[in-house]
Amino acid sequence: MAKNTQLTNLVVNAQADALGTLADHGWIDILDGTQPATGDTAITTQVVLVSLRFGTPAFPSASAGVLTANAIAAGTASASGNAAWCRVYKTDHSTPLFDGSVGTGTDNLVLPTVVISAGQSVTCSSFTHTVAKATSGS
């Protein structure tokens, strides 16, 4: 029989809250190029366009496994390009936690525009992450 894990809200909230705590006063690097296959994959040719900073706490308590970030400090772009994805780090800005999508709609990290110019102030409209309740399959 194939795997069919179905987690409760209690469990997904605990997992999400643990991740949220790891992100307290952490960093979000917004990059151009192709998102790596996993959050453990090294960044190679992708360019960090801007770094934003989470507050403390980075996230309030999760609801149904969904983390929605508290206010995120704006950052000044160090490079120009099209924002394509992001990598979230602990406060040390060297320990990666996860990667996410960047865009202007239903992405993990929502920006007013994905076109970034060096020297520009970059703000984040919203940032969410969802811990999956179901992990069906093999």
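Reader: How many salt bridges does the count come to by the rule used here?

Author: This is a predicted model, by the way. Side chains of opposite charge can pair when their charged atoms come close. With the cut-off set at 4 Å between nitrogen and carboxyl oxygen, the count comes to one salt bridge.

Reader: Which side chains meet in that salt bridge, and where do they sit in the chain?

Author: The partners are 12 residues apart and link distant parts of the chain, one in strand β9 (residues 96–103) and the other in strand β8 (residues 85–89). The β9 partner is aspartate 99 and the β8 partner is arginine 87.

Reader: Is arginine 87 buried or exposed?

Author: Buried means under 20% relative accessible area. Arginine 87 has 4% relative accessibility, so it counts as buried.

Reader: What backbone atom does the side chain of asparagine 13 reach?

Author: Asparagine 13 lies in helix α1 (residues 9–22) and is buried, at 17% relative accessible area. Beyond four places away in sequence, it touches Ala62, Ser63, Ala64 and Gly65. At 2.7 Å, its side chain reaches the backbone nitrogen of glycine 65.

Reader: Why do the buried residues of α1 line one face of the helix, and within what arc do they fall?

Author: An α-helix has 3.6 residues a turn, so residues three or four places apart point the same way. In α1 the buried ones are Val12, Asn13, Ala16, Leu19 and Gly20. Looking down the axis of α1, they line one face because they fall within an arc of 125°.

Notes
Residues are numbered from 1 along each chain as its sequence is written. This is a predicted model: local features need pLDDT of at least 70, side-chain atom pairs count only at pLDDT 80 or more; totals for chains, interfaces and linings use all residues. Side-chain values use heavy atoms; hydrogens and water are left out. Helices (H or I, at least four residues) and strands (E, at least two) are DSSP runs, numbered from the N terminus. Buried means under 20% relative accessible area, exposed over 50%, partly exposed in between (1.4 Å probe, protein chains only). A polar contact is a pair of N or O atoms within 3.5 Å; within protein, one must be able to donate a hydrogen and the other to accept it, and residues adjacent in sequence count only if both atoms are side-chain atoms. Contact means heavy atoms within 4.5 Å. The arc is that of the directions from the helix axis to the C-beta atoms.
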